[in-house]
Amino acid sequence: MAKAITTIHRLEINEEEQRRRDLEEIETLLVEHKDTLKEFLHMLGEINKKGGLEMGASLFSEGDRVLDVLVKAIDKPEAASILKNGLLMLGTLGKLNVSEMGPLVNKLNSVISVATKISRVESSAVQLVKGNTMSKSWLVAAAGASLAGMAYMARKSDR
Amino acid sequence: MTEYVGIKVNGHAMSIPGDVSVMQALKEQAIDIPSVCYHPALGAIETCDTCIVEVNGEFVRSCSTMIQDGDVIDAVSPDVKQAQEIAMNRILYNHELYCTVCDYNNGRCEVHNTVKQMKIEHQSEPFTPKPHEIDNSNPFYRYDPDQCILCGRCVEACQDVQVTETLSIDWSLKRPRVIWDKHSTINESSCVSCGHCSTVCPCNAMMEKGMEGEAGFLTGIKKPTLRPMIELTKNVETGYSSILAISDVEAAMRESRIKKTKTVCTYCGVGCSFDVWTKDRKILKVEPQMEAPANGISTCIKGKFGWDFVNSEERLTKPLIREGDSFREAEWEEALALIEGKFREAKDTYGPDSMAFISSSKCTNEESYLMQKLARGVIGTNNVDNCSRYCQTPATVGLFRTVGYGGDSGSITDIEQAELVIVVGSNTSESHPVLATRVKRSHKLKGQKLIVSDLRKHEMADRADLFIQPRAGTDLVWLSAVTKYIVEQGWADESFLSNRVNGLDDYVKSLEKYTMEYAEQVTGLPKEMMIQVAEAVHEADTTSVLWAMGVTQHSGGSDTSTAISNLLLITGNYGKPGAGSYPLRGHNNVQGASDFGSMPDRFPGYEKVADDAVRAKYEKGWGVKIPADPGLNNHEMVSGIHAGDVKVMYLKGEDMGLVDSNLNYVHEAFEKLDFFVVQDIFLSKTAQYADVVLPAAPSFEKEGTFTNTERRIQRLYQVFEPLGDSKPDWQIIMEVANRLGAGWTYNHPSEIMAEAASLMPLYAGVTYDRLSGYNSLQWPVASDGTDSPLLFLDEFPFPDGKARLFPVEWTKPLEYEEEYDLHVNNGRLLEHFHEGNMTYKSKGITSKTPSVFLEVSPELAAERGLEDGTVVRLTSPHGSVKVPCLVTDRVKGKEVYLPMNDSDEGAINYLTSSHADKDTDTPAYKEISAKMEILKTKGDSPLPRINSRNGDPQPQIGVQVEKKWARPDYIFPGDLVKKGVGQRG
């Protein structure tokens, strides 16, 4: 026999009882996942030896700022170009058939070593033309042209 | 019979059914063509142009071009591809693509998917921002013009599916955008927040706020950081295929953190079903599905956005035990032990009939079954009832009398296709919003005729071809007069009557007094108007009558419902698609609560308790003895408490202390109970009187089934674990029963349904397997699973298979002393569900409708000096309410309207009496008169400016794409290709 009432006295669990319940819950979880935890802790130990944990903690705690700086830093035309060209290059590389290029690569390697020798010899020639760096460039260009020429010749003969 | 036509597609000849569009024909042949604006629920919109193909050498939009015999279709030529790409580039010009950091990147974005499908690597013109701000004003969804591709789906949905007619596209702007009303903000417009626009939007332009920052792994990034990320992504893009691949990965990853669960709405009787997207305990959005049988993609404000109550801090999470003048939280063991002791004591001391059980029209079928099993099988009493007595029982009785089944005779699709719909005493667009959209759409677009009979000029009345306003409580008279007129004109369906109906002669004789003159005098309706109704019924091949509380909540509610059914029988409007009787069930499970025997005189399946054979069946099935005498209904229980016969009550999922009539009388009864157990999700008004309150779980936190107004049984799946220590009602009832020695061992609601189905023929073939996903069954369901979408096709469920005309007499409504000079009509409101126990927990809904208000007419306002915000006291012989006024022409003269959304001083049932329908004890809620006293002349309007009723809708048909085509900057992509121009211009 009762009037309408609205007051509710909440069941209060004292701190000690709540702690006991929380510990019991954690204890159960630990026991259930014992093997996984052992592996995980081992892995964490290795990372910690390398200072990885401290770095990771800093990265996460300053995550917003880091992301902000990072994004703003790379939001520049040159950064975008680097990324774009990098992606394009990856795409191009992905289309090359490297096994077909084997003989060409070998020839390129031998041309490079020849060019290197030329470069060393011509150092004195450069010196003869009084250290004109343009000459070195000519040499590199000549070596490059030789490379290209030889590469062309190699492809032609391989067909 | 569909005719087949011969066509050629991409060089291959084929023969296909001819009544399809080119797009449909191609899709059926698994030919991949793009489309962005097309949506199966909306039809062809023709704004995106991406679906262009060549038909007989001409470029056409495949969505809106119908197949004809001999067509030669090319969907793959370079020219076709070019035209499609031009269209897609125009879309990308309007939409900034940043999928990986977009909240809508969930695999369903049409822009993303179509770019991928078309293998577009770069857009020909870059996106440029539009000169329009994001509109964040609405509490539930936002519009971002920079993402809007102007597909018009939202406009189409708002204009022609929901038919609130708020949205349009302003094609006259340099950069067009979607607008609300005439360029209002969303929140100050006529938008009713039904959610259709955000549901159909193909991208993230129109999006639910629950998704923002929550849906993706990278979407919660702050704007200052997000903008450079977007710019970087766009600058780096080597091609969209690489970007989209990354976003596809991210979209796939989201599947692991976003749970999508199918459920059935817990609000009204339409029975909308949809997926709920959740992340941990957060509700991200409600996502309707095309396959949802009752509603498809449709929702209303409550179903789409009204779920805050599930996680409300006010949820009960522990049992409460009364101690002095407060409750204290307790553990389940203590609460159940107390209940066991008190129940045993009452049963042993006073007998089983001293106990009463109230089941719920909100809880599941399985829970209703268990409550009546507890009452009958464990306690030994038939004192069990539920709140459908407050509303729908008269309609059920009216139908049982005439056609043998107490449920809607067809489906919502039948209402949709009826040639004539008559709505009597139903505010359908606010009480059954999604169902009303079908009527509004058919009326707007398909020539459906609409007649409305109501005291109040609500939205359906506004739209009606004929709106009649008879005096309160006189519907039976005009219905009978119309029927008599039809018979006299020779318009009765003679063949139907002679083959399928009994009792014609007696019935026609009973109509003698219902002359037009008599009807005119009683109803106040001119006879010409009633003749118009008769003519409309005669001219329509199919008539569906929808009715609700304006009919049932009267002294003669059962008889008026019977009169409706009589009219339908006389005119042969049963047993054919598009015709029939549709009492619109209020709660999500009114139908189910009654189906499952939460009634004092009926077992599940409506078989009578007094029938020895039926009782024996249940006694055998349950292994118990069951009393033979019908018990008390909820009205009689209240009287029984006052008389000292009923000592103990166990009530679940209902706020009887607010929704029963004559509240002062009901509250006094509660105070007299020896022991009162209330089981609910909140501390409701009723629960405040309890000795023990048990914390229950709402629909999101349990499995089960609901049965909607179409007799459609649908499954709900569990979204969340019960909050705190709350439990699903079926588990609680089982624990109570087992404390009393029941020995029940149900592990899952499917077992309860299996038991019920084995005992009740109506649900014989219902199993959870047959209801999996979006499957549903409409009873009766035979044991092989065959269900009955349309009743009475071959026969009526009477021994001779024939229906029965049932003579009825008009019952005069209650009359009051002269001082009670205002008639107080009452009912629902769109935004709040009943008293608002659940909906007031939504900040958004509360912001739109913060309180109850009394609608008063301009005439009454002028006479009494009332204005918006004037606070008045209404007093009836039974009590009084205090409420602010709203002056509106929805009511006239001395009719006022008080909606139900208050649980305090403005609660309507402080005014209502215990007077009831003579056949069912349904309270005559609509028969109240009161006197008015002004308490405070000036005040704030109870309806804030941002309520949709203050908006200014702009009706039109669809998105008016012709206006887009007429723009000087628009050229059909097909024409550009012909000209040899490769880009927009």
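I call a residue buried if 20 or more other C-beta atoms lie within 10 Å of its own. The model is predicted.

**Entry 1: chain A**

I looked up burial in chain A with that cut-off. Buried residues make up 1% of its 159 residues. Then I counted the elements of chain A and found seven helices and one strand. I read them off along the sequence as β-α-α-α-α-α-α-α.

**Entry 2: strand β25 of chain B**

I moved to chain B and picked strand β25, residues 692-695. Are its faces covered or open? I find both covered. On one side, B:Val692 and B:Leu694 are buried.

Next I checked the pairing of β25(B). Strand β24 of chain B, residues 675-680, pairs with β25(B) in the parallel sense over four bridges. In that pair I noted B:Val677 opposite B:Val692. Strand β13 of chain B, residues 320-323, is joined to β25(B) by two bridges, and these two strands run antiparallel. Here B:Leu320 stands opposite B:Val693.

**Entry 3: helix α25 of chain B**

I took helix α25 of chain B, residues 634-643, and listed its buried residues. They are B:Asn634, B:His635, B:Met637, B:Val638, B:Gly640 and B:Ile641. I recalled the general rule: an α-helix has 3.6 residues a turn, so residues three or four places apart point the same way.

What covers the buried residues of α25(B)? I found strands β15 (355-358) and β16 (384-385) of chain B among the cover. Helices α26 (656-659) and α27 (663-672) of chain B are also included. B:Gly644 follows α25(B), and its phi is positive, near 85°.

**Entry 4: domains of chain B**

I went on to domains 3 and 4 of chain B. How many residues are in contact? I get 19 residues of domain 3 against 22 residues of domain 4.

Which helices supply the domain 3 side of chain B that touches domain 4? I noted α13 (428-431), α21 (549-552) and α22 (557-570) of chain B, each with at least two residues. Helix α21(B) gives the most to that side, with three residues. Last, I sorted the residues of the domain 3 side by type: four nonpolar, twelve polar and three charged.

Notes. Residues are numbered from 1 along each chain as its sequence is written. Chains are lettered from A and ligands numbered from 1 in the order in which they are written. This is a predicted model: local features need pLDDT of at least 70, side-chain atom pairs count only at pLDDT 80 or more; totals for chains, interfaces and linings use all residues. A residue is buried if 20 or more other C-beta atoms lie within 10 Å of its own, exposed if 12 or fewer, and partly exposed in between; C-beta atoms are placed from the backbone. Two strands pair if DSSP finds at least two bridges between them. Two residues are in contact if their C-beta atoms, placed from the backbone, lie within 7 Å. Ala, Val, Leu, Ile, Met, Phe, Trp, Tyr, Cys and Pro count as nonpolar, Asp, Glu, Lys and Arg as charged, and the others, Gly among them, as polar.
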